[in-house]
Amino acid sequence: MEKEIKWWKNAVVYQIYPLSFMDANGDGIGDLKGITSKLSYLKNLGVDVIWLSPVYESPMDDNGYDIKNYLEIDPIFGTMKDMKHLIEQTHQMGMRLIMDLVVNHTSDEHHWFLESKKSKDNPYRDFYVWRDEPSDIGSVFGGSAWEYDAQTNSYYFHLFSKKQPDLNWDHPILRKNIYKIVNFWLDMGIDGFRLDVIDLIGKDIDRKILSDGPHLNQRLQELYDECFKGRDIMTVGEMPGLSLERAASITSGEKPLLDMIFQFSHISLDEVPGKGKWALKKLDLIEFKNVFERLQNVMYKDGWNSLFLANHDQPRAISRYGNVNFRVMSSKMLATILYGMQGTPYVYQGEEIGMTGVKFDHIEKYKDIETKNIYQILTNQGIPHEQVMESIYAKGRDNSRTPFQWDDSKNAGFSKGNPWLDVNPNYKDINAKNDLSNHQGVYFYFKKLFQIRKSHQVFLDGEFIPFMKENKKIFAYYRKNENDQLLIIGSFSEEKMHIEIPGKIISLLISNDDSVEINNQMDIPPYYACILRIGEK
Ligand code: GLC
Ligand code: CA
């Protein structure tokens, strides 16, 4: 008997960053009603699953990744009724919805933390990590990971901002409380979770083991048993610190601990090794290809992978890996290369219309806590403003957080009020209305690509075999199973290129320039991409 294919393996997931997607009530902030009003736009693209970045009650120090109350919707996004309506409407359209689960830390305004800091014998004390002395662990957002609190003369641990104290997963009662929250949402009918920095919940702080700590599997297992077991849901874990082999093992087997993970080995290739994300380095396509080859091969045998180039923490893919001077061509090329691989495709809002990164001239225009912190830290170190801004232009998280560009009206049709973060000034040209009015637009290309993926089994189960491996400008590979062989080609070159294709070309499935003649000796324009079916030699 054929093994049943899990629905999420063949799904297209679309990430919504609620603050920036659509503002229905004109206060300048995206909201749930705004999202509900755009469901048919998503359905039409071929989206199966919506992943909502956090909409829980939050002081928004880290834009909702600092949760004050897990069981309430933040009023800036709407009400619980709006949320239920969104879930219902999403389901009615045949789509599913997953939420972001942020349980490595809470907000410092969460009532657990307010209690915890009151006294050493407070019942909530051990929900968080307190020590008499700090260690030298640094925060991801810069500075120490320890914050002194005078009330009890001790330090609490925060791997992110100091308004995001880490929860103490060693504490059984804390864990029980988390499971209650998870089940609350699943019982309400959502279809799963994206689990924020979930590789951190097994950490051993005193031994300075953070990611993939000694308790990780055991904790994931307990979470699975208490919450996920027996439910028809999908789970995707954000696991920046996990090795590929571990990622494969966590997502493998009949009942994987998590259905799939976000793995980040391709993300750090444009930084100086060991110097962190702000130390810029030019991307080497060979390295990029090698990382994906390894990713595909390791995850292929076992496990399941998520295909993504961008998200709310990463700059826009087109500005980073493509070329804004060849915006439409390179948006389509990147999609072809990425979604031709094995794994579940993720689209980050705006990618499907070729939205680009942004350059604000004043640091005051930036809203992201990470960007603001790093600006202070680097300029205090004496690094000139211009140089720091270059790093922020390349890597800052606000690149992908500017409001969605719906049309060419004021504020790109995102809001009738003052947007919380400025709209990218290129919205008159780059917007959904424009893109959709053109059959050669990026949106329709994504749509067609997803249809092709879904109608060819080989995308699901085909082996990944690199082609033109040594070529510094072309990323190409085969996908091959018993019945089918596809060749996926993408050019990262600003110049025309010539490629030789061995074997018999049976058909063209898709390309980003239909004027190019398909044969065994092809001359291809800059940023060309295509998928060919190849027969036996
Ligand atoms: C994850 C989120 C990021 C957030 C961090 C802390 O990496 O994606 O946006 O800042 O966790 O919650
Ligand atoms: Ca609003």
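Colleague: With which residue does K33 form a salt bridge, and how far apart are the closest N and O atoms?

Modeller: K33 pairs with D82, and the closest N and O atoms are 3.6 Å apart. The general idea: side chains of opposite charge can pair when their charged atoms come close. The cut-off for a salt bridge is a side-chain nitrogen of Lys or Arg within 4 Å of a carboxyl oxygen of Asp or Glu. Helices (H or I, at least four residues) and strands (E, at least two) are DSSP runs, numbered from the N terminus.

Colleague: What should I know about the model itself?

Modeller: It is a predicted model: local features need pLDDT of at least 70, side-chain atom pairs count only at pLDDT 80 or more, and totals for chains, interfaces and linings use all residues. Residues are numbered from 1 along each chain as its sequence is written, chains are lettered from A and ligands numbered from 1 in the order in which they are written, and side-chain values use heavy atoms, leaving out hydrogens and water.

Colleague: Is K33 buried or exposed, and is D82 buried or exposed?

Modeller: Read the relative accessible area: under 20% is buried, over 50% exposed, partly exposed in between (1.4 Å probe, protein chains only). K33 is exposed because its value is 52%. D82 has 14%, so it counts as buried.

Colleague: How many salt bridges does the structure hold?

Modeller: The structure holds 33. R194 and D196 make one of them, at 2.8 Å from N to O. Both R194 and D196 are buried. Another joins R207 to D204, with the closest N and O atoms 3.2 Å apart. R207 is exposed at 57%, whereas D204 is buried at 19%. Salt bridges with shared partners also join D62, K277, D313, D368, E370, R397 and R401 into one network.

Colleague: Which residues are the closest to ligand 1?

Modeller: A residue is near a molecule or strand if one of its heavy atoms lies within 4 Å of it. Ligand 1 is surrounded by 14 residues, and D62, H105, D196, H312 and D313 are the closest. Then look for polar contacts. These are pairs of N or O atoms within 3.5 Å; within protein, one must be able to donate a hydrogen and the other to accept it, and residues adjacent in sequence count only if both atoms are side-chain atoms. Oxygen atoms of ligand 1 lie 2.8 Å from a polar side-chain atom of H105, 2.4 Å from one of D313 and 3.0 Å from a side-chain N or O atom of R397.

Colleague: Which residues are the protein donors of the calcium ion (ligand 2)?

Modeller: Donors are N, O and S atoms within 2.8 Å of the metal (3.2 Å for Na, K and Ca); water is not among the atoms, so sites may look incomplete. The protein donors here are D23 (OD), N25 (OD1), D27 (OD), I29 (O) and D31 (OD), lying 2.3 Å from the ion. Along the chain they follow the spacing D-x1-N-x1-D-x1-I-x1-D. D23 and D31 are both buried.

Colleague: Which way do the residues of strand β1 point?

Modeller: In a regular strand the side chains alternate between the two faces of the sheet. In strand β1 (residues 13–16), V13 and Q15 point one way, Y14 and I16 the other, and all are buried.

Colleague: Which strands do the bridges join to β1?

Modeller: Strands of a sheet pair through backbone hydrogen bonds, either parallel or antiparallel. Pairing here needs at least two DSSP bridges between the strands. Three bridges join β1 to strand β13 (residues 344–348), in parallel. Q15 has Y348 as its bridge partner there. Strand β2 (residues 49–52) also runs parallel to β1, joined by four bridges. Y14 stands opposite I50 in β2.

Colleague: What order has the open sheet of three strands?

Modeller: The order is β6-β8-β7, with antiparallel pairing. β6 (130–131) and β7 (146–149) are the edge strands, each pairing on one side only. β6 pairs with β8 (residues 154–157) over two bridges, and R131 stands opposite Y155.

Colleague: Which residues does S511 touch?

Modeller: Contact means heavy atoms within 4.5 Å. Leaving out residues up to four places away in sequence, S511 touches Y445, Y528, A529 and C530. S511 is in strand β18 (residues 504–511) and counts as buried at 8%. Its side chain makes a polar contact with the side chain of D514 at 3.0 Å. A polar atom of the S511 side chain also lies 3.2 Å from the backbone oxygen of D513.
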